[in-house]
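Welcome, and thanks for taking a look at this one with us. Please have the structure open beside you as you read the briefing below.

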Amino acid sequence: MAESEVDLESEKYEKHREAGEILAQVREETAERVEVGASHLEVAEYAEDRIRELGGEPAFPVNISVDEEAAHATPSIDDEETFGEEMINLDIGVHIDGWLADTAITVDLSGNPELAEASEQALEAALEVVEPGVDTGDIGAEIEDVIDGYGYNPVVNLTGHGLGHWEQHTSPNIPNRAVSQGATLEVGDVVAIEPFATDGGGKVSEGASEEIFALEREGSVRNRQAREALEQITEEFRTLPFATRWLETDRAEMALRRLKRNDIVHGYPVLKEDDGSLVSQKEHTIIVTEDGCEVTTER
């Protein structure tokens with residue numbers, strides 16, 4: 001799209017900004033609630049309820065990733081887990097009428113502040129080079145350089161991403177390492193940049209547990225609970241990810257199993273580094289402007 005055609009004051013961008021403003025406030029308030037002994041479920045529900053109070057909707061279930069977990073961990077409906085002396089990543093999203101903002105922060109209770117600082121400083125370095133025409137591979141190089149400088153590894157098979165309408169992950173991908181041919185950023189692109197740093201090998205793999213799902217395709221099922229769940233999913237969440245605990249039907253887990261078996265929904269397994277490793281994360285959503293970028297998720 002030519003620069004002159006992008007109206008950064010249009011309703012779409014205003015909604016992205018509004019989502020970011022709500023999210024910045026909720027991220028700070030939620031991070032303050034993460035302490036040893038606090039409940040995962042209460043923290044997640046606090047954030048999701050607060051988003052609604054402030055006029056937004058959660059764009060996906062609050063991710064609470066602990067130690068070697070990097071993404072897609074969210075409490076189950078009867079979750080009794082509490083925080084210990086661990087590294088906690090909070091990844092939170094907001095949408096206004098399907099226009100999104102996405103942010104993450106590490107709360108370190110494990111005594112490894114430098115690992116948290118590595119992803120934070122990598123994000124700062126990435127934001128400094130964003131402008132129209134920059135190659136996303138060059139952004140990845142900045143991220144990798146900073147994390148390497150701390151003596152850690154970037155998680156190379158997780159990337160930042162574009163944010164679409166009712167779509168949490170669209171092109172372009174923003175790598176967390178140097179790549180030779182990335183995409184070129186343009187004025188008006190809305191992207192989430194999210195460095196992950198680890199003291200492990202730098203690659204995550206899928207764990208066994210799944211609490212987050214998203215609609216794969218329209219379909220029909222005979223089972224009553226599965227039908228009720230599908231109705232709520234298509235009306236309320238559309239193509240955005242949702243948590244099992246958000247479903248109002250009884251026997252929600254069974255309903256999801258049926259929908260998954262029919263390829264109507266897909267799950268997001270928890271993504272983990274090697275056991276014993278720690279992962280930190282920091283993420284902001286930006287709008288690419290003519291002279292750089294506007295961070296929508298900053299306080």
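Which strands does α3 lie across, and at what angle does α3 run to β13? In this predicted model, α3 lies across β9 and β13, and its direction makes an angle of about 40° with β13.

- Strands β5, β9 and β13 form an open sheet of three strands in the order β5-β9-β13, paired in the antiparallel sense.
- The edges are taken by β5 and β13 (279–281), each of which has a single partner strand, so one side of each lacks a neighbour in the sheet.
- Strand β9 (residues 196–198) is joined to β13 by three bridges, and the two run antiparallel.
- Within this pairing, threonine 198 of β9 stands opposite valine 279 in β13.

**Helices α3 and α4**
- Helix α3 (residues 113–129) packs with helix α4 (residues 136–149) at an angle of about 150°, and their axes are 8 Å apart.
- The two helices are therefore roughly antiparallel to each other, and their crossing is right-handed.
- On the α3 side, the contact is made by Ala118, Gln121, Ala122, Ala125, Ala126 and Val129, while α4 contributes Ile139, Glu142, Ile143, Val146 and Ile147.
- By type, the residues of this contact divide into nine nonpolar, one polar and one charged.

**The β6–β7 hairpin**
- Strand β6 (residues 160–164) pairs with strand β7 (residues 167–174) over three bridges, in the antiparallel sense.
- Glycine 160 has isoleucine 174 of β7 opposite.
- Two residues lie between the strands of this hairpin, where tryptophan 166 takes a positive phi near 60°.

**Threonine 159**
- You will find threonine 159 in the loop between β5 (153–154) and β6.
- Threonine 159 is partly exposed, with a relative accessible area of 27%.
- Setting aside neighbours within four places in sequence, threonine 159 is in contact with Asn173, Ile174, Pro175, Asn176 and Glu194.
- Threonine 159 and serine 209 are 50 residues apart along the chain, and their C-alpha atoms are separated by 21 Å.

**Helix α6 and its surroundings**
- In helix α6 (residues 252–261), the buried residues are Ala252, Met254, Ala255, Leu256 and Leu259.
- These buried residues pack against β10 (205–215), α5 (224–237), β11 (242–243) and β12 (265–272).

Technical notes
Residues are numbered from 1 along each chain as its sequence is written. This is a predicted model: local features need pLDDT of at least 70, side-chain atom pairs count only at pLDDT 80 or more; totals for chains, interfaces and linings use all residues. Side-chain values use heavy atoms; hydrogens and water are left out. Buried means under 20% relative accessible area, exposed over 50%, partly exposed in between (1.4 Å probe, protein chains only). Helices (H or I, at least four residues) and strands (E, at least two) are DSSP runs, numbered from the N terminus. Contact means heavy atoms within 4.5 Å. Two strands pair if DSSP finds at least two bridges between them. Axes are lines fitted to C-alpha atoms, for helices over the stretch in contact, and angles run from 0 to 180 degrees between N-to-C directions. Angles under 35 degrees count as roughly parallel, over 145 as roughly antiparallel, 65 to 115 as roughly perpendicular and the rest as oblique. A crossing is left-handed if the near helix is turned anticlockwise from the far one by less than a right angle, and right-handed if clockwise. Ala, Val, Leu, Ile, Met, Phe, Trp, Tyr, Cys and Pro count as nonpolar, Asp, Glu, Lys and Arg as charged, and the others, Gly among them, as polar.
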